[in-house]
Amino acid sequence: MTQPSDKPFLGFGLGLRAEHYQDILERRPKNIDWFEVLSENYMIDGGKPLYFLDAIRQDYPMVMHGVSMSLGTTDEIDFEYLKQLKALIERIEPRWFSDHLCWTGVDHKNMHDLLPLPYTEEAINHVAERISRVQDFLGQQMLIENLSSYITYCEDAMPEWEFLAAIADKADCYLLLDVNNIYVSSYNHHYDPVEYLAGVPVDRVWQHHLAGHTNDGNLIIDTHDHDIIDPVWALYEETAKRFGPVSTMIERDGNIPELDQVLAELDQARRIAEPYYQA
Amino acid sequence: MSHLRDLQLRFQDYLIDGSEAIEQDIISTENAIAEHRLGTYYNAYRIRLIDCLAVDYSALEKYLGREAFENMALDYLKHFPSSHPSVRWFGENLPTYLRDIYNGKEAEFLEEMARYEWAQTTVFDAADSTHLLQLEDMAAVPADAWPGLTLKFKPALLWLDLFWNVPLIEDALDSGTEVPQKQREDFPRRWMLWRHELKIQWRSLEVHEAWAIEQAASGANFAAICEGLLEWIDEQQVALVAAGFLKQWVSDQLVLNLDND
């Protein structure tokens, strides 16, 4: 299994979206260091998405990010899905791949949502064992991402950060720490997001996500359809202080603006984090 | 059954049909009670999959209007919840649903619209073909090899038979031009779709070309195709017509290679 000795730092990247394909190919912007691609969008036979993926891959490092591994489901592991993922990994040779600490369905159904797990020993053991099997099958370590959530379970036996850290330790995997998701969940469940950061082991964190969201008045919903708000930028600064150089990217999935507008946000991430990287 | 599985089944039952048993497992807070918190997932499940269906069936959505499309999509979701890891496949059964289950007006027409749009999705991301037969390759075939010629078509090609003029209607809906009147023919017309480079192309086929391409795709050689075409074409003209089809298919970049049986 691949065991890189040092935490790789790719710089500041973007989620690759179809709306920006042409612009990226024509301009090949220098201030994007890397792209994160949504694995399932490219687990197809051919056509336009793979054409642009291959063309953009020639100029940029990539990482793969999935939404359907369903690490927490109590269904059996979907090895057909993993075979397709493996084929894509072999095609684009990403620096790493990630998926979410969640379940997406059970009884062979898929809700296509990132559903939270209860924070229990049973769930830790269940998910860690499945991550280990996935890593064995794919021959490399993966990253798992913390969710935005709108519910917590009565049976939760620990805070989310302890749950996340315990699984990473037990499965020996790395973490994709989504700063917006920490902010969203801390708002929805009334905890201190800085306390969350303090509970996450520094060496395990290889990647950050940043994104915008929507506040419905009572809950914040992780919609990725707005600019990043100031409190999330402030939390990102705290994140940079604690974790140092970590590959950071911006996700935008709705109301997708022109590429330059997203690049302006990416420059803001640089301005916030880099002073702490040089310290 | 494990405790975790039991919890997941309760949660999923809630998402699918609103079963309330899961509420006992969820913490309520002052700003948001369990019902409201769960409702976020309940609504998101429906919105996400309706939106996905609206992307794959954009012309059908325009034709029906958003409200009617949503109602239809909600009923489809009840009958065909997604089981595939990729949401790309969620809409696969919509033509079947419209044919066998849908209770609204115009079911046959809507089924054909859906079938045609799904065919576009299929062609859109079908496997690429890097080497395609060119007209100069045809010119190099010796005359005595023609009777035994067989063709292999590229994967990004399919055809479907439709009573209604849905390709014309969908094209107008997509491009925002004037939508033609719905017209139903007595016999279905064959429409061919293929991807040329990254763009989807389409055209209708006359009955003898429709027959010929189906025969060619199933492995019939040039002589057998000529013989079959005699049903529509004079004997003196048949080889020319068949060669004309082949030339057209090659020009359309549909043919991977020629072989000889």
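Predicted model: local features only at pLDDT ≥ 70, side-chain atom pairs only at ≥ 80, totals over all residues.
**Stop 1: chain A as a whole**

Of its 279 residues, 48% count as buried. Among contacts in chain A with a separation of 6 or more, 78% are between residues 24 or more positions apart.

**Stop 2: the barrel of chain A**

Now colour the strands of chain A. Eight of them form a closed barrel in the order β1-β2-β3-β4-β5-β6-β7-β10, with parallel pairing. From one strand to the next, the twist averages 25°. As a reminder, strands of a sheet pair through backbone hydrogen bonds, either parallel or antiparallel.

Next, select residues 247-250 of chain A, which are strand β10. Which strands pair with β10(A)? One is β1 (residues 12-15), joined to β10(A) by three bridges and running parallel to it. Another is β7 (residues 205-210), joined to β10(A) by four bridges, again in parallel.

Show the side chains here and look for the facing residues:

- Phe12(A) stands opposite Thr248(A) in β10(A).
- Leu14(A) stands opposite Ile250(A) in β10(A).
- Leu210(A) also has Ile250(A) as its bridge partner in β10(A).

While you are at β10(A), check which way its side chains go. In a regular strand the side chains alternate between the two faces of the sheet. Here Ser247(A) and Met249(A) point one way, Thr248(A) and Ile250(A) point the other way, and all are buried.

**Stop 3: the nonpolar core**

In soluble globular proteins, nonpolar side chains tend to be buried together. The largest nonpolar core in this model has 135 residues. To find the residues with the most contacts inside this core, select Leu101(A), Val127(A), Ile131(A), Leu143(A), Ile144(A), Ile167(A) and Leu175(A). Then bring chain B back into view and select helix α6 (residues 107-124) of chain B, which supplies the largest share of this core, seven residues.

Centre the view on Leu101(A). What is Leu101(A) in contact with, leaving aside its neighbours within four places in sequence? The list includes Leu71(A), Gly72(A), Leu117(A), Val127(A), Ile144(A) and Ile167(A). Glu145(A) and Asn146(A) are also among the contacts of Leu101(A).

**Stop 4: the end of helix α9 in chain A**

Go to Gln278(A), which lies in helix α9 (residues 259-278) of chain A. Is Gln278(A) buried or exposed? With 6 C-beta neighbours inside 10 Å, Gln278(A) counts as exposed. Pro245(A) is 33 residues from Gln278(A) along the chain, yet their C-alpha atoms are separated by 8.9 Å.

**Stop 5: where the chains touch**

Show both chains together. Here 38 residues of chain A are in contact with 40 residues of chain B. On the chain A side, α2 (48-57) and α4 (121-138) each supply at least two of the residues that touch chain B. Colour that side by residue type and you will find 17 nonpolar, 13 polar and eight charged residues.

**Stop 6: chain B**

The secondary structure of chain B comes to eleven helices and five strands. Chain B has a radius of gyration of 25 Å, whereas a compact globule of 261 residues would have one near 18 Å. Its C-alpha trace spans about 85 × 45 × 30 Å along the principal axes. Of the 261 residues of chain B, 30% count as buried.

Select the open sheet of three strands in chain B, with the order β2-β3-β4 and antiparallel pairing. Because β2 (157-164) and β4 (199-205) stand at the edges, each with a single partner strand, one side of each is left without a neighbour in the sheet. The twist in this sheet averages 25° from one strand to the next. Seven bridges join β3 (residues 184-196) to β4(B), and Arg195(B) stands opposite Ile200(B) in β4(B).

Finish at Asp17(B), in helix α1 (residues 3-17) of chain B. With 8 C-beta neighbours inside 10 Å, Asp17(B) counts as exposed. Tyr42(B) is 25 residues from Asp17(B) in sequence and 9.1 Å away in space, C-alpha to C-alpha.

Note on methods: Residues numbered from 1 in each chain as written. Chains lettered and ligands numbered in written order. Pairing = 2+ DSSP bridges. Axes fitted to C-alpha atoms, helices over the stretch in contact; angles between N-to-C directions. Rg over C-alpha atoms; globule rule 2.2 N^0.38 Å. Buried ≥ 20, exposed ≤ 12 C-beta atoms within 10 Å, placed from the backbone. Contact = placed C-beta atoms within 7 Å. Nonpolar A, V, L, I, M, F, W, Y, C, P; charged D, E, K, R; others polar. Core = buried A, V, L, I, M, F, W, Y, C linked by C-beta atoms within 7 Å.
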